[in-house]
Amino acid sequence: MTQAAFFVLTALADEPRHGYGILREVEELSDGAVQMRVGTLYGVLDRLTADALIVLDREEVHDGRLRRYYRLTDEGMRALDAEAERMAAGASAAKRRIAEGRKATGTPPVTGPGLAGGLA
């Protein structure tokens, strides 16, 4: 699963959202590290729809423009949960190895914010 797909699914995990709402949520969830363009978002939405991980929830007209709201399917929730577990296990393994390497070399730990993830 790409980083973009992961964050889109995460943005839809709590409620249906329209495109702009998804873009805002992705940016917030990733602490600004993932900033998708509209074309990228709709490519991801098309792929997730084709894979039956999301569906069109409803369409509303707002200020004369049509907004499409998407929501996760049960399969989408399972896929997101599995990916989150996979990422957590990988992060845990990396942390253990880093700690072992620092212990062996006497390297002090690095502090500060960060974001783990793959390629978008």
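Modeller: Strand β2 (residues 54-62) is joined to β3 by 8 bridges, and the two run antiparallel. Strands are DSSP runs of E, at least two residues in length, numbered from the N terminus, and two of them pair if DSSP finds at least two bridges between them. This is a predicted model, in which local features need pLDDT of at least 70 and side-chain atom pairs count only at pLDDT 80 or more, whereas totals for chains, interfaces and linings use all residues. Residues are numbered from 1 along each chain as its sequence is written, and side-chain values use heavy atoms, with hydrogens and water left out.

The charged side chains may now be considered. Side chains of opposite charge can pair when their charged atoms come close. A salt bridge is a side-chain nitrogen of Lys or Arg within 4 Å of a carboxyl oxygen of Asp or Glu, and the structure holds 10 of them. R58 takes part in a salt bridge with D57, at 2.8 Å from N to O. R58 also meets E60 in a salt bridge, again with an N to O distance of 2.8 Å.

How exposed these residues are can be stated from their relative accessible area, where buried means under 20%, exposed over 50%, and partly exposed in between (1.4 Å probe, protein chains only). R58 is partly exposed at 32%. D57, at 29%, counts as partly exposed, and E60 is partly exposed at 34%.

R17 counts as buried because its relative accessibility is 11%, whereas E15 is partly exposed at 41%. R17 and E15 also belong to a network of salt bridges that links them with D14 and E25.

Terms used: Helix = DSSP H or I, 4+ residues; strand = E, 2+ residues; numbered from the N terminus.
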